[in-house]
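Here is a short briefing on selected features of one protein chain. Look at the structure before reading the notes.

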Amino acid sequence: QVDAVRVYVNSSSENLQYPVLFVVRQQKGVLSWQVPLIFRGLYQRTYNYQEVSRTLCPSEPTAETGPSDQVIFVDVASMAPFNIAYELLVTRLKNFQLETNKAFNFTASPSQPQYFLYKFPQDVDSVIIKVVSDAVYPCSVVSVQDIVCPVYDLDHNVEFNGVYQSMTKQAAITVQRKDFPGEQFFIVFVIKPEDYACGGSVPSSIHGNVNRTWNLQRTKNLQVTIVPSIKKSVYVQAMFFSFLSFLSFYLGSVVVAFVHYIRIQRKASAGRLSPEDGSGIMTSSHPITASTPEGSSYGAIDESSSSGGRQLSSPVRGPPAGSDTDSSVEEESDFDTMPEIESDKNVIRTKVFLYLSDLSRKDRRIVSKKYKIYFWNIITIAVFYALPVIQLVITYQTVVNVTGNQDICYYNFLCAHPLGVLSAFNNVLSNVGHMLLGFLFLLIVLRRDILHRRAMEMKDAYTLDYGIPKHFGLFYAMGIALMMEGVLSACYHVCPNYSNFQFDTSFMYMIAGLCMLKLYQTRHPDINASAYSAYASFAVVICLAVLGVVFGKNDMWFWVIFSMIHVLASLALSTQIYYMGRFKISKCYLGIFRRAAMVLYTDCIQQCSRPMYMDRMVLLIVGNLVNWSFAIFGLLYRPRDFASYILGIFICNLLLYLAFYIIMKLRSSEKLLPIPLFCIVATAVVWAAALYFFFQTLSSWEETPAESREKNRPCILLGFFDDHDVWHFLSAAALFFSFLVLLTLDDDLDVVRRDKIPVF
């Protein structure tokens, strides 16, 4: 047991010109202070205390000398030309060394800091120091310092050594034995003279011209408990759990593929070839006719009269299916520069009822090549985006490790398990699901792509007019985006804070955008956005997100401009979608909005009973109401988390469009096969569970680090993962199932002619 001595001094003098100086000389160091003791705050404010209490740095008896009395010299001096009364009291501390799993209560103040000693037990390699208080203020600092004298235990020097973090009601620091060669350390508790560092305001007593305060009462009752942290075996179990949980998805995919293969072989041997359920590949070699039920009003229009008696030019066909190769000289202009085809576009795409054959007239090879650009572009974007991010977060982590300032990163300190240089390895590890499931989705898409190519090699031009056109470029891009979301989310959680939160959301924007583009591409393959325009739009969104992080906290002008951009973009996109892109924007870019006004006049005023394109009109009205609501909400409340605000806009629009698509699909007498139906149910269930854990807020960089730590909670899974880690696991699975929904949703149409598949 180590003994420590505490010195208490008090002086009634308020003369700052002639303070009383106290110097304590010990065997290994010197400690000095003055009374009145002066602390400095913001704007040159000073706080003076006439009572000071300091703990002297203890010295343990060595093996050579054995137990002996400690000699301490206390020198008291003052340059005052008159006598100054003071009081000096030296006491021995009875509970200077803290014990494992035993709570200890004490009181501290700015002029009377406290620190204690802790020694690692033989079987403990890591401990968590938990500090709690019933009161939010005064703001305090908890520091862990090596056994070095002097101990830095005042507000102006507590940050000079060791690891520290600010605190209101709760703090937690994980300490490892390997970081302290002597296998012991000091735990220092300092009360700050002001509360602004913890989110509080400056005391009202010093407002105005008064900049000096005497003996401000700022005592705080604290309780400290030191508990052993997890053992190395828990790290191993957590890593096995993380990888095996998601590798089970690989096993499930193999089982589904094998069962599917067996079913196809049995049908082939029985001479009953039919479409592969859930594969999206039509295996029959002869045309199969399917149409909507009689009496269905959807699409009930005479194709021969739809263009006013004009004979439409036939779709341009490429080479036979067997020569399906991508040529570097093939471009979309090979089709679009033909005047008669351009004329047909205006006629076909403005029909009241459109079918898939109307919007899949371009050469399949050229369109596939167009969509493959999505894949190659996102790889380039990922590399150029991820490398600087990785470099930056490594710098953040290095700064935390070197300075010891744990207020830089917003961890859940009650469940932050370090490994190597990482302070919260569990938050990084839990993102492995995005990478593993993203790669699995790429494999599933690759399998479909290969089967589709093989199927196309065995078909003639006539049978190519069945089912949804298979273009896999966007699916490949979605798989890469899911993997990159895992990488960037892991980078963000290396040191989560306000400055780098955009890393965690950038590829979420892209995932939501790519899903909407894929859903639209399904029945609009010829008129979907190009990769260049799509990624340029994502770049604009990310630029707005950065501006929102910088200016969105308090600047009203930013929210006014952003809301205007949001509303105008919604109107412009709605007009493009309503007319399938079949009008030109005039030299004045306001032409598109004039066209939008014409649409409202003709379809909502002149034909109020029924717009020309009823289904599209309903979707766009609801979509605009949702987006305008977001714009009004942002303008009124100005949420600080601007990145999540934009992500919410993307997700709501995606869910709205997906719900519209499924409703219209069922309304058109199409059906959901077992696999997409299972994926839809799994997506809904897993997303619901994931969102529950997402809203269990464990930290918040919208507040000060001390206020954020009030939300910290212990681990809930394997003693290693917290609620946010479970969100990572479940959201990865939910995104994977969501992608499978888009991949398999229209497998039932593989036996339906394209001129019988409605467009919506």
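Rings of Phe, Tyr and Trp count as a pair if their centres lie within 6.5 Å. By this rule, ring pairs link Tyr235, Phe241, Phe246, Phe249, Phe425, Phe678, Phe720, Phe721, Phe729, Phe736 and Phe737 into a cluster. The model is predicted.

**Aromatic pairs**

- The count of aromatic pairs comes to 59.
- Tyrosine 235 and phenylalanine 720 form an edge-to-face pair, because their ring centres are 5.2 Å apart and their planes stand at 75°.
- Tyrosine 235 belongs to helix 1 and phenylalanine 720 to the loop between helix 15 and helix 16, so the pair ties together parts that are 485 residues apart in sequence.
- Tyrosine 235 is buried at 12% relative accessibility, and phenylalanine 720 is buried at 0%.
- Phenylalanine 501 and tryptophan 701 form a tilted pair, with 5.0 Å from centre to centre and 55° between the planes.
- This pair links helix 8, which holds phenylalanine 501, to the loop between helix 14 and helix 15, which holds tryptophan 701; the two residues are 200 residues apart.
- Both phenylalanine 501 and tryptophan 701 are buried.

**Histidine 493**

- Histidine 493 lies in helix 7 (residues 473-494) and is buried, with 5% relative accessibility.
- The side chain of histidine 493 reaches the backbone oxygen of serine 489 at 2.8 Å.
- Beyond its neighbours within four places in sequence, histidine 493 has contacts that include Tyr411, Asp504, His724 and His728.

- An open antiparallel sheet is formed by 3 strands in the order 6-1-8.
- Strand 6 (51-55) and strand 8 (86-93) are the edge strands.
- Strand 1 (residues 4-11) is joined to strand 8 by 8 bridges, and tyrosine 8 has leucine 89 in strand 8 as its bridge partner.

How values were computed
Residues are numbered from 1 along each chain as its sequence is written. This is a predicted model: local features need pLDDT of at least 70, side-chain atom pairs count only at pLDDT 80 or more; totals for chains, interfaces and linings use all residues. Side-chain values use heavy atoms; hydrogens and water are left out. Helices (H or I, at least four residues) and strands (E, at least two) are DSSP runs, numbered from the N terminus. Buried means under 20% relative accessible area, exposed over 50%, partly exposed in between (1.4 Å probe, protein chains only). A polar contact is a pair of N or O atoms within 3.5 Å; within protein, one must be able to donate a hydrogen and the other to accept it, and residues adjacent in sequence count only if both atoms are side-chain atoms. Contact means heavy atoms within 4.5 Å. Two strands pair if DSSP finds at least two bridges between them. Rings of Phe, Tyr and Trp (its six-membered ring) pair if their centres lie within 6.5 Å; planes under 30 degrees apart count as stacked, over 60 as edge-to-face and the rest as tilted.
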